[in-house]
Amino acid sequence: MSGVVDREELGRVWREAAGSSPPPAPSPEPITFMGAPLVSADGLLGSDLAVLGLPLGAWQDAPAAVRAASRRYAGWLVAAQAESGVRVADYGDVAADTADSAATFVRAHERVADVLAAGAAPLILGGDALVTVPVLQVLAGKLQGRLGVIAFSPRVDLDFEAADSGAGRWMRALELGVCAPRNVVLIGDRGAPDEARARRAGAALGVLRYGLADVAEAGVVTVAREALESACAGSEAVYVSVDLGVVERLGDPVGLSAGDLSLALRTVAGVRLAAADVCGVDR
(Lines give C-alpha, C1' and ligand atoms only; values in the text may rest on other atoms or scores of the structure.)
Protein backbone atom coordinates (compact mmCIF):
# COMPACT_ATOMS: atom_id res chain seq x y z
CA MET A 1 0.00 0.00 0.00
CA SER A 2 1.47 3.31 -1.10
CA GLY A 3 2.52 5.72 1.68
CA VAL A 4 2.66 3.08 4.45
CA VAL A 5 5.63 3.43 6.85
CA ASP A 6 6.97 0.17 8.23
CA ARG A 7 7.57 -0.46 11.96
CA GLU A 8 11.36 -0.19 11.65
CA GLU A 9 11.12 3.27 10.13
CA LEU A 10 8.61 4.34 12.79
CA GLY A 11 11.01 3.20 15.48
CA ARG A 12 13.90 5.13 13.92
CA VAL A 13 11.87 8.34 13.75
CA TRP A 14 10.72 7.89 17.34
CA ARG A 15 14.27 7.41 18.61
CA GLU A 16 15.54 10.45 16.75
CA ALA A 17 12.68 12.55 18.06
CA ALA A 18 13.86 11.84 21.60
CA GLY A 19 16.93 14.00 21.04
CA SER A 20 20.19 13.55 22.93
CA SER A 21 18.50 13.20 26.32
CA PRO A 22 14.96 12.90 27.59
CA PRO A 23 13.34 16.01 29.05
CA PRO A 24 13.68 16.23 32.82
CA ALA A 25 10.77 14.89 34.83
CA PRO A 26 8.88 17.55 36.75
CA SER A 27 9.83 17.79 40.44
CA PRO A 28 7.15 16.24 42.63
CA GLU A 29 5.20 18.65 44.78
CA PRO A 30 6.03 18.30 48.50
CA ILE A 31 3.37 16.57 50.54
CA THR A 32 2.23 19.04 53.17
CA PHE A 33 -0.46 19.03 55.85
CA MET A 34 -3.82 19.35 54.07
CA GLY A 35 -2.05 20.98 51.14
CA ALA A 36 -0.93 23.99 53.18
CA PRO A 37 2.02 25.94 51.75
CA LEU A 38 5.49 24.81 52.82
CA VAL A 39 7.29 27.79 54.33
CA SER A 40 10.61 28.83 55.83
CA ALA A 41 10.87 30.84 59.05
CA ASP A 42 10.27 34.09 57.16
CA GLY A 43 7.11 32.65 55.62
CA LEU A 44 5.53 31.99 59.02
CA LEU A 45 4.51 35.63 59.42
CA GLY A 46 0.79 36.05 58.96
CA SER A 47 0.01 32.42 59.79
CA ASP A 48 -2.46 31.46 62.50
CA LEU A 49 -1.38 27.80 62.71
CA ALA A 50 1.99 26.35 61.74
CA VAL A 51 2.44 22.60 61.33
CA LEU A 52 5.75 21.16 62.50
CA GLY A 53 6.82 17.52 62.33
CA LEU A 54 8.83 16.07 65.21
CA PRO A 55 10.01 12.52 64.40
CA LEU A 56 11.22 11.06 67.68
CA GLY A 57 12.61 7.61 68.46
CA ALA A 58 11.16 4.76 66.45
CA TRP A 59 8.42 7.02 65.09
CA GLN A 60 10.44 8.62 62.30
CA ASP A 61 7.73 8.24 59.66
CA ALA A 62 4.85 9.60 61.78
CA PRO A 63 4.81 13.20 60.47
CA ALA A 64 4.91 11.98 56.87
CA ALA A 65 2.09 9.52 57.58
CA VAL A 66 -0.13 12.26 59.02
CA ARG A 67 0.59 14.58 56.11
CA ALA A 68 -0.15 11.84 53.55
CA ALA A 69 -3.45 10.97 55.25
CA SER A 70 -4.43 14.64 55.42
CA ARG A 71 -4.18 15.21 51.66
CA ARG A 72 -7.73 14.01 51.11
CA TYR A 73 -8.94 16.93 53.23
CA ALA A 74 -7.09 19.65 51.34
CA GLY A 75 -10.39 21.03 50.04
CA TRP A 76 -11.63 21.40 53.61
CA LEU A 77 -8.69 23.62 54.48
CA VAL A 78 -9.29 25.79 51.42
CA ALA A 79 -12.94 26.17 52.43
CA ALA A 80 -12.01 27.00 56.04
CA GLN A 81 -9.54 29.63 54.89
CA ALA A 82 -12.16 31.24 52.65
CA GLU A 83 -14.87 31.11 55.31
CA SER A 84 -12.97 32.13 58.45
CA GLY A 85 -9.74 33.63 57.16
CA VAL A 86 -7.63 31.15 59.16
CA ARG A 87 -4.16 30.84 57.68
CA VAL A 88 -2.25 27.55 57.93
CA ALA A 89 1.38 26.94 56.95
CA ASP A 90 3.58 23.84 57.00
CA TYR A 91 7.00 24.48 58.58
CA GLY A 92 8.45 21.09 57.69
CA ASP A 93 10.15 18.75 60.16
CA VAL A 94 12.62 19.16 62.98
CA ALA A 95 15.88 17.45 62.02
CA ALA A 96 15.93 14.50 64.41
CA ASP A 97 19.08 12.79 65.67
CA THR A 98 18.17 9.27 66.78
CA ALA A 99 21.42 9.00 68.74
CA ASP A 100 21.05 12.35 70.55
CA SER A 101 17.57 13.20 71.82
CA ALA A 102 18.90 16.26 73.66
CA ALA A 103 20.12 17.78 70.38
CA THR A 104 16.76 17.02 68.79
CA PHE A 105 14.99 18.79 71.66
CA VAL A 106 17.20 21.87 71.19
CA ARG A 107 16.27 22.00 67.51
CA ALA A 108 12.61 21.51 68.40
CA HIS A 109 12.81 24.39 70.88
CA GLU A 110 14.23 26.65 68.16
CA ARG A 111 11.57 25.74 65.61
CA VAL A 112 8.70 26.10 68.08
CA ALA A 113 10.11 29.47 69.17
CA ASP A 114 10.13 30.55 65.49
CA VAL A 115 6.42 29.73 65.23
CA LEU A 116 5.50 31.57 68.42
CA ALA A 117 7.61 34.59 67.42
CA ALA A 118 5.60 34.82 64.19
CA GLY A 119 2.38 34.97 66.21
CA ALA A 120 1.17 31.51 65.19
CA ALA A 121 0.23 28.45 67.23
CA PRO A 122 2.33 25.33 66.56
CA LEU A 123 0.63 22.06 65.62
CA ILE A 124 3.14 19.28 66.26
CA LEU A 125 2.93 16.01 64.31
CA GLY A 126 4.59 13.01 65.88
CA GLY A 127 4.33 9.41 66.92
CA ASP A 128 5.70 9.25 70.44
CA ALA A 129 3.68 11.29 72.95
CA LEU A 130 7.01 12.72 74.10
CA VAL A 131 6.59 15.33 71.32
CA THR A 132 4.49 17.29 73.81
CA VAL A 133 7.41 17.96 76.18
CA PRO A 134 9.65 20.30 74.13
CA VAL A 135 6.61 22.42 73.28
CA LEU A 136 5.69 22.71 76.96
CA GLN A 137 9.27 23.68 77.76
CA VAL A 138 9.13 26.57 75.30
CA LEU A 139 5.66 27.67 76.41
CA ALA A 140 6.82 27.70 80.04
CA GLY A 141 9.17 30.53 79.15
CA LYS A 142 6.78 32.39 76.83
CA LEU A 143 3.41 32.53 78.57
CA GLN A 144 2.62 35.27 81.04
CA GLY A 145 -0.14 33.26 82.71
CA ARG A 146 -1.11 29.61 83.17
CA LEU A 147 -1.65 27.05 80.46
CA GLY A 148 -4.74 24.87 80.30
CA VAL A 149 -4.49 21.33 78.90
CA ILE A 150 -7.10 19.18 77.18
CA ALA A 151 -5.65 15.79 76.24
CA PHE A 152 -7.42 12.98 74.41
CA SER A 153 -5.39 9.86 75.09
CA PRO A 154 -5.78 6.13 75.90
CA ARG A 155 -3.44 6.71 78.88
CA VAL A 156 -3.30 9.29 81.67
CA ASP A 157 0.45 9.92 81.14
CA LEU A 158 1.01 11.03 84.75
CA ASP A 159 3.87 8.71 85.66
CA PHE A 160 6.20 10.69 87.93
CA GLU A 161 9.02 8.19 87.46
CA ALA A 162 8.79 8.44 83.66
CA ALA A 163 8.91 12.23 83.35
CA ASP A 164 11.35 11.95 80.42
CA SER A 165 8.95 9.90 78.32
CA GLY A 166 5.46 10.31 76.93
CA ALA A 167 4.11 8.34 79.90
CA GLY A 168 5.01 11.23 82.19
CA ARG A 169 4.39 14.23 79.95
CA TRP A 170 1.68 15.83 82.10
CA MET A 171 3.73 15.34 85.25
CA ARG A 172 6.47 17.20 83.38
CA ALA A 173 3.99 20.00 82.61
CA LEU A 174 3.15 20.32 86.31
CA GLU A 175 6.83 20.17 87.26
CA LEU A 176 7.61 22.97 84.81
CA GLY A 177 4.95 25.09 86.50
CA VAL A 178 3.38 25.92 83.15
CA CYS A 179 -0.06 24.75 84.32
CA ALA A 180 -1.99 24.09 87.51
CA PRO A 181 -3.46 20.61 88.13
CA ARG A 182 -7.02 21.96 88.08
CA ASN A 183 -6.46 23.18 84.50
CA VAL A 184 -5.34 19.77 83.22
CA VAL A 185 -8.13 17.61 81.75
CA LEU A 186 -7.52 14.07 80.49
CA ILE A 187 -10.14 12.37 78.31
CA GLY A 188 -10.48 8.80 77.06
CA ASP A 189 -8.07 6.63 79.05
CA ARG A 190 -8.93 2.94 79.13
CA GLY A 191 -8.31 2.44 82.84
CA ALA A 192 -5.31 0.18 82.35
CA PRO A 193 -4.25 -1.60 85.59
CA ASP A 194 -0.62 -0.50 85.21
CA GLU A 195 -1.73 3.15 85.41
CA ALA A 196 -3.67 2.80 88.68
CA ARG A 197 -0.97 4.62 90.64
CA ALA A 198 -0.84 7.45 88.08
CA ARG A 199 -4.63 7.82 88.23
CA ARG A 200 -4.56 8.02 92.04
CA ALA A 201 -1.77 10.60 91.90
CA GLY A 202 -3.73 12.67 89.39
CA ALA A 203 -6.85 12.58 91.56
CA ALA A 204 -4.85 13.63 94.63
CA LEU A 205 -3.40 16.58 92.69
CA GLY A 206 -6.78 17.67 91.36
CA VAL A 207 -6.32 16.70 87.70
CA LEU A 208 -9.72 16.23 86.03
CA ARG A 209 -10.03 12.85 84.31
CA TYR A 210 -12.78 11.37 82.15
CA GLY A 211 -12.21 7.70 81.39
CA LEU A 212 -14.04 5.93 78.58
CA ALA A 213 -16.84 4.91 80.94
CA ASP A 214 -17.32 8.54 82.01
CA VAL A 215 -17.55 9.65 78.39
CA ALA A 216 -20.07 6.92 77.59
CA GLU A 217 -22.23 7.88 80.59
CA ALA A 218 -22.18 11.68 80.22
CA GLY A 219 -21.82 11.99 76.46
CA VAL A 220 -18.77 13.31 74.64
CA VAL A 221 -20.13 16.83 74.06
CA THR A 222 -20.93 17.30 77.76
CA VAL A 223 -17.48 16.04 78.69
CA ALA A 224 -15.81 18.33 76.15
CA ARG A 225 -17.74 21.36 77.44
CA GLU A 226 -16.80 20.61 81.03
CA ALA A 227 -13.19 20.05 79.97
CA LEU A 228 -13.13 23.40 78.18
CA GLU A 229 -14.52 25.19 81.24
CA SER A 230 -11.92 23.62 83.54
CA ALA A 231 -8.96 24.11 81.20
CA CYS A 232 -9.85 27.77 80.58
CA ALA A 233 -10.55 28.75 84.19
CA GLY A 234 -7.92 31.37 84.95
CA SER A 235 -5.57 30.24 82.16
CA GLU A 236 -4.07 32.34 79.40
CA ALA A 237 -4.41 29.76 76.62
CA VAL A 238 -4.97 26.03 76.12
CA TYR A 239 -2.83 23.18 74.80
CA VAL A 240 -4.82 20.49 72.97
CA SER A 241 -3.26 17.05 72.52
CA VAL A 242 -4.71 14.20 70.47
CA ASP A 243 -3.13 10.78 70.84
CA LEU A 244 -4.77 8.85 68.01
CA GLY A 245 -4.46 5.68 70.07
CA VAL A 246 -7.59 6.91 71.87
CA VAL A 247 -9.68 5.98 68.83
CA GLU A 248 -11.30 2.56 68.85
CA ARG A 249 -9.66 -0.10 66.67
CA LEU A 250 -6.45 1.92 66.29
CA GLY A 251 -4.32 -0.52 68.23
CA ASP A 252 -7.16 -1.50 70.59
CA PRO A 253 -10.81 -2.49 70.00
CA VAL A 254 -11.91 -0.20 72.86
CA GLY A 255 -11.81 3.58 72.57
CA LEU A 256 -13.61 6.70 71.46
CA SER A 257 -15.26 6.54 68.07
CA ALA A 258 -13.78 8.76 65.38
CA GLY A 259 -17.11 10.61 65.33
CA ASP A 260 -17.01 11.26 69.08
CA LEU A 261 -13.45 12.56 68.86
CA SER A 262 -14.46 14.85 66.01
CA LEU A 263 -17.42 16.20 68.02
CA ALA A 264 -15.24 16.80 71.05
CA LEU A 265 -12.63 18.66 69.02
CA ARG A 266 -15.32 20.79 67.41
CA THR A 267 -16.61 21.66 70.89
CA VAL A 268 -13.21 22.88 72.09
CA ALA A 269 -12.30 24.55 68.78
CA GLY A 270 -13.17 28.05 69.96
CA VAL A 271 -10.49 28.07 72.64
CA ARG A 272 -7.52 30.43 72.57
CA LEU A 273 -4.97 27.91 71.36
CA ALA A 274 -1.39 28.04 72.64
CA ALA A 275 -0.31 24.88 70.79
CA ALA A 276 -1.53 21.43 69.82
CA ASP A 277 -0.18 18.05 68.86
CA VAL A 278 -1.25 14.91 67.06
CA CYS A 279 0.68 11.86 68.28
CA GLY A 280 0.24 8.11 68.62
CA VAL A 281 0.88 7.54 64.91
CA ASP A 282 2.88 4.40 64.18
CA ARG A 283 2.33 4.01 60.44
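Q: Which residues of α6 are buried?
A: This is a predicted model. In α6 the buried residues are R169, W170, M171, R172, A173 and L174. Helix α6 spans residues 169-176, and six of its eight residues are buried, so the rest of the structure largely encloses this helix.

Q: What covers the buried residues of α6?
A: The cover includes two helices, α5 (132-142) and α7 (196-205). It also includes the strands β4 (146-152), β5 (184-189), β7 (235-243) and β8 (273-279).

Q: And what follows α6?
A: The helix is followed by G177, which has a positive phi, near 80°.

Q: Let us turn to the sheet. What is the order of its strands?
A: The sheet is open and has eight strands, in the order β2-β1-β3-β8-β7-β4-β5-β6, with parallel pairing. At the edges are β2 and β6 (208-211), each of which pairs on one side only. On average, neighbouring strands of this sheet are turned by 15° against each other, direction ignored.

Q: Where does α6 touch that sheet?
A: Helix α6 packs on the sheet and touches β4, β5, β7 and β8. The direction of α6 makes about 165° with that of β7.

Q: How many bridges join β5 and β6?
A: There are four bridges, and the two strands pair in the parallel sense. Within this region, L186 stands opposite R209 in β6.

Q: What about β1, is it buried or exposed?
A: Strand β1 (residues 49-53) is mostly covered, with five of its five residues buried. L49, V51 and G53 point one way from the strand, while A50 and L52 point the other way, and all are buried.

Q: Which strands does β1 pair with?
A: It pairs in the parallel sense with β2 (residues 88-93) over four bridges, and in the parallel sense with β3 (residues 121-125) over five bridges.

Q: Changing topic: at what angle do α9 and α10 pack?
A: Helix α9 (residues 220-232) and helix α10 (residues 258-267) pack at about 35°, with their axes 9 Å apart. The crossing of α9 past α10 is right-handed.

Q: Which residues meet there?
A: From α9, the residues are V220, V221, A224, R225 and L228, and they meet D260, L263, A264 and T267 in α10. The residues of this contact divide into six nonpolar, one polar and two charged.

Q: Now the cysteines. How many disulfides are there?
A: The count comes to zero disulfides. C179 is in no disulfide, and the nearest cysteine sulfur, that of C232, is 13 Å away. C232 is likewise in no disulfide, its nearest cysteine sulfur being that of C179.

Q: Is C179 buried or exposed? And C232?
A: C179 has a relative accessible area of 5%, and since buried means under 20%, this cysteine is buried. C232 counts as partly exposed, at 32% relative accessibility.

Q: How far apart are V4 and R15?
A: V4 and R15 are eleven residues apart in sequence, and their C-alpha atoms are 19 Å apart in space.

Notes:
Residues numbered from 1 in each chain as written. Predicted model: local features only at pLDDT ≥ 70, side-chain atom pairs only at ≥ 80, totals over all residues. Heavy atoms only, no water. Buried < 20%, exposed > 50% of the residue type's maximum accessible area, 1.4 Å probe, protein only. Contact = heavy atoms within 4.5 Å. Axes fitted to C-alpha atoms, helices over the stretch in contact; angles between N-to-C directions. Left-handed = near helix turned anticlockwise from the far one by under 90°. Nonpolar A, V, L, I, M, F, W, Y, C, P; charged D, E, K, R; others polar. Pairing = 2+ DSSP bridges. Disulfide = S-S within 2.5 Å.
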